[in-house]
Every structure is written in C-alpha cells, then in structure tokens.
Amino acid sequence: MALAARLWRFLPSGRGSAPGTRLPTGAAGRRGTCGPRLGGSEAVGGPGALRRSLLFSALSCLGFETHQVLSGAAVVHAAAKVSGVEEVLAQADYLYESGETEKLYQLLAQYKDSEDAELLWRLARASRDVAQLSGTSEAEKKLLVYEALEFAKRALGKDASSFAAHKWYAICISDVGDYEGIKAKIANAYVIKEHFEKAIELNPKDATSIHLMGIWCYTFAEMPWYQRRIAAMLFATPPSSTFEEALGYFQRAEQVDPNFYSKNLLLLGKTYLKLHNRKLAAFWLLRARDHPAHTEEDRQVQTEAAQLLTGLGDKK
C-alpha cells in the first residue's frame, strides 16, 4: 500500500497565544517638548530671525505630532492584525472540528498570501482535505495536493519551530509522491521520517505525529519485494522498519491521547494481526468498529474493522 494513501486526516493543534503589543517608550506624554526653546542669542537676530525661529519651532512640533499620530496608527493596525489572525484561526479550528471541509477551505483561501505559519499550515491541511473528498475530480485533486505542499513549505519557511508545519510538510510530500512515481516516493522516505521525528521532538504530546511515525514504520515493514529492490538501488541503506516498531508508535499515540483517532485503533488491530496475535487484534478491531462515527473516514474504519473481525470469526 502506498505511503501517501495512509496519511489520513488529523486533529488540529492549538496555536500559542501571541505576545502583546506595547507602545514604544516615550510615545506618550511629551506634547510640551516638541520644538526648540528660544534662548537670548536666538532672539538677537531681529524680527526676521525670530519669525524664522518660531516657524521652525511650529514645523518641528507639527512633525512630531504627525509622527505620534502615525506611530499610534501603526501600533493599532499591528494589534488589529494580530487580533484578526487569531480570530480567523479560531473560526478555522471551529470549522475543522465541525467537519466543514469546504467552508474551511473557502475561509482560509482568502489568506493564501499570508506570512503567518499558523494560517499556512492550516491552509495546507484544508487543501489536502478537499483533495480527499469523494466529489473532487482527479484533476482538481492533483492541483490541491501540490497546492497543499506549497502552503506547508511556506509555513515551515516562516516558522521552523512549528511542529504542525513539520507534520504537514511531511504529509504533503508523501501525497505528491503519488504523482511522481515509486522512485520519488521512496527517495522522499527519509525526508518524511525526518520531519515526523522533528514534529514529535517539538511536541511529544501530539498523538497524530506519533501515529504518523507508526504509519511510516508499518508501510516499510510491509513493503513488497519489488519496492525493496528500488529502495536498494536508491540508498546504500534503504529505509526499513518492523511491525514491532510500528506497534510501539501506535501504542504510544494511544497512551498520549486515548481514543483520539479511529484509524489508530484500526492500525493497532491490523498490526497485531501482522504479528499473529489474534486475541489483541480482535480487541483493538472491536474498539475501532465501535468507535463513534463522526466523519466519512470513521465510517470507513468501522466497515474495515467489521470485515477483519468477520475474517477472524468474530461476528459480534
């Protein structure tokens, strides 16, 4: 099974609170000091000199007042901009939690030129989610997949300390591999792993990043022989893993956030099947089958889990 086919929809992650905006020191309370003071020597030059001095003083004061007004406006604009971004993020996360995929994309697409990493990685996720909808044509899907990668790349460029940017960059690279062939997919394997590991390092409590590392391991553990041969030609040490390693990540994800994702429950069951532990496989498959279905993906998980349970002879 292709790696990209396993990188499914994930939960949103929170955004840290933005630092407050402060007025520059000395920006207020200085109206009385805006022009030069006239000393005795400045008045000696006669009425003309005095008029010029007064004019200079008035212009200096006007210039300072203008600077104050513009500086104040800039601070207000910056504060409004930060507040505006936070409001959009709150709306985006609400729509994501509500499963409003297309509305979420329409909201975030208005900010495609943003320089904010939090907006950009969410836009990458939204683009990918629309690409996964059953009503999306193949041509549209391809455009959205490449668009998602571009947004994720920009998010990472803006904030390399964002675990979500690393996570979605890795996911999007894998998706693009579906259009660039098995060689490109395998060649990107180490890059994908590196960014998932970085996401976990930056946020060890993000269950989805841990889950994704489990998928990476599961994928290479079951890689067919012909793909292994391609990998051996591309790398001196081709990417490889085991089902035991995959199981460790799926278990860790479940410990970090129990029942966070129906697919993690399913993959725990499937991994135990690979390891010939039918009892624990049935336990996790039952959990996956009975997990509440909030999305189309949850319903697909329920169906697959039920089919696997039937294969195990459990018709509960």
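At 36% relative accessibility, lysine 274 counts as partly exposed, a class that lies between buried (under 20% relative accessible area) and exposed (over 50%), with a 1.4 Å probe and protein chains only. The model is predicted: local features need pLDDT of at least 70, side-chain atom pairs count only at pLDDT 80 or more, and totals for chains, interfaces and linings use all residues. Residues are numbered from 1 along each chain as its sequence is written, and side-chain values use heavy atoms, without hydrogens and water.

Lysine 274 forms a salt bridge with glutamate 222, with the closest N and O atoms 3.5 Å apart. Here a salt bridge is a side-chain nitrogen of Lys or Arg within 4 Å of a carboxyl oxygen of Asp or Glu. Lysine 274 sits in helix 11 and glutamate 222 in the loop between helix 8 (207–221) and helix 9 (225–234), so the pair ties together parts 52 residues apart in sequence. Helices are DSSP runs (H or I, at least four residues), numbered from the N terminus. Glutamate 222 is partly exposed, at 23%.

The whole structure holds 11 salt bridges. Another joins arginine 122 to aspartate 93 (2.9 Å, N to O). Arginine 122 lies in helix 4 (residues 117–131), aspartate 93 in helix 2 (residues 46–97). Arginine 122 is buried, at 0% relative accessibility. A network of salt bridges links Asp93, Glu118 and Arg122.

Now helix 12. Its buried residues include Trp284, Leu285 and Arg289. Arginine 289 forms a salt bridge with aspartate 290, at 3.1 Å between the closest N and O atoms. Aspartate 290 is exposed, at 51% relative accessibility.

Definitions and conventions: Helix = DSSP H or I, 4+ residues; strand = E, 2+ residues; numbered from the N terminus.
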